[in-house]
Amino acid sequence: MTCHFDGQIASMYGVDEAVFIAMLQFWIAKNEANDRHFHDGRYWTYNSIRAMERLFPWWSKRQIERIIKKLKEAGVVLTANYNRDSHDRTLFYTLDESKLPISPFGADVSPNGDTPLPPNGDNLSQNGEMYKEQLITQLKEEEEKPNGNIKPLEVMERYNTICTGLPQAVKLTEKRADAVRKLYAKGYSSEQLIDVFHRAQASSFCTGINDRGWRADFDWLMNENNIVKVLEGKYGGSASAEPPKPKGGQFEQW
């Protein structure tokens, strides 16, 4: 697999470092386009060293750690821990925008990652497969994180359990999963989503008692504008005590 990188950056920090920076630039631009992982005025990306070993099979764990250490000491790469679980030590990474451009494309990255590629292909992989693999791995890492992780399927299942007076959601599409992730990235908690579900279920308007016979559904409730209205009581209803969790703690970690 052939990788491309910025020659000027390579001359400043080294070839391996330039490749690593280009990878970070893509991930950060992707998260910015999707409004994910925004903390302290910056967009970030995160991965464990274990995940990076899969993404960069040509580097050893020690080489990856050396690259990160060198770029941190140069002030190019910044790290922090924004995990909800205090025991989770997975680091978040971003770049100092004053030293490097945040996007390697010279154009915005669309929320779906469909930015037109330069004439000679993308900046890191001739066939774009590396990008696809990176994004899948990053999302997989996020789904696998214990305690406080984001599990869109469990959010949908909790909706189906609570909102019995609303249309049931039968399939977790990627669009729905992405909507859930965006809400968490914006700071909404599992408790708030559960509150929304209870309020919608208790609302006569949301359950069809209105002049149109309209009922709210999962997709409608995953829209931030509608969540705010429900939480503010604009459709009536009130939060209810949460029913007992299913045996086995099915919803303990979302």
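Tryptophan 220 counts as buried because its relative accessibility is 17%, under the 20% limit for that class. The model in which this residue stands is predicted. The chain averages a pLDDT of 75, and 70% of the residues score at least 70.

**Aromatic pairs**

- Tryptophan 220 forms an aromatic pair with tryptophan 214; the pair is edge-to-face, with 5.1 Å centre to centre and 70 degrees between the planes.
- Tryptophan 214, in turn, counts as partly exposed because its relative accessibility is 22%.
- The count of aromatic pairs comes to 15.
- Another of these pairs joins phenylalanine 56 and tryptophan 59, and it is tilted: the centres are 4.8 Å apart and the planes make 40 degrees.
- Phenylalanine 56 and tryptophan 59 are both buried.
- Phe56 and Trp59 also belong to a cluster linked by ring pairs, together with Phe20, Trp27 and Trp58.

**Helix α2**

- Helix α2 covers residues 15–33, which makes 19 residues.
- From the first C-alpha of α2 to its last the distance is 27 Å, close to the 27 Å expected at 1.5 Å a residue.
- Of the 19 residues of α2, 15 are buried, so the helix is largely enclosed by the rest of the structure.

**The sheet**

- Three strands make up an open sheet, in the order β3-β5-β4, with antiparallel pairing.
- Strands β3 (45–46) and β4 (77–80) stand at the edges with a single partner strand each, so one side of each has no neighbour in the sheet.
- Helix α2 packs on this sheet and touches β3, β4 and β5; the direction of α2 makes about 100 degrees with that of β5.
- Strands of a sheet pair through backbone hydrogen bonds, either parallel or antiparallel.
- Strand β5 (residues 92–95) is joined to β4 by four bridges, and the two run antiparallel.
- Within this region, leucine 78 stands opposite threonine 94 in β5.

**Positive phi angles**

- Most residues other than glycine have a negative phi.
- The loop between α2 and β1 (38–39) holds histidine 37, which counts as buried because its relative accessibility is 10%.
- For aspartate 40, which is not a glycine either, phi is positive and near 50 degrees.
- Aspartate 40 lies in the loop between β1 and β2 (42–43), and its relative accessible area of 65% makes it exposed.

**Confidence along the chain**

- Helix α9 (residues 218–221) has the highest mean pLDDT among the elements of the chain, at 96.
- Helix α5 (residues 129–144) has the lowest mean pLDDT among those elements, at 51.
- Over residues 101–132 pLDDT stays under 50; for this stretch the model has 52 contacts beyond four places in sequence.
- Residues 143–148 form another stretch where pLDDT stays under 50, and there the model has 17 contacts beyond four places in sequence.

Key: Residues numbered from 1 in each chain as written. Predicted model: local features only at pLDDT ≥ 70, side-chain atom pairs only at ≥ 80, totals over all residues. Heavy atoms only, no water. Expected span 1.5 Å × (residues − 1). Buried < 20%, exposed > 50% of the residue type's maximum accessible area, 1.4 Å probe, protein only. pLDDT = per-residue confidence, 0-100. Contact = heavy atoms within 4.5 Å. Pairing = 2+ DSSP bridges. Axes fitted to C-alpha atoms, helices over the stretch in contact; angles between N-to-C directions. Phe/Tyr/Trp six-rings, centres within 6.5 Å; stacked < 30°, edge-to-face > 60°.
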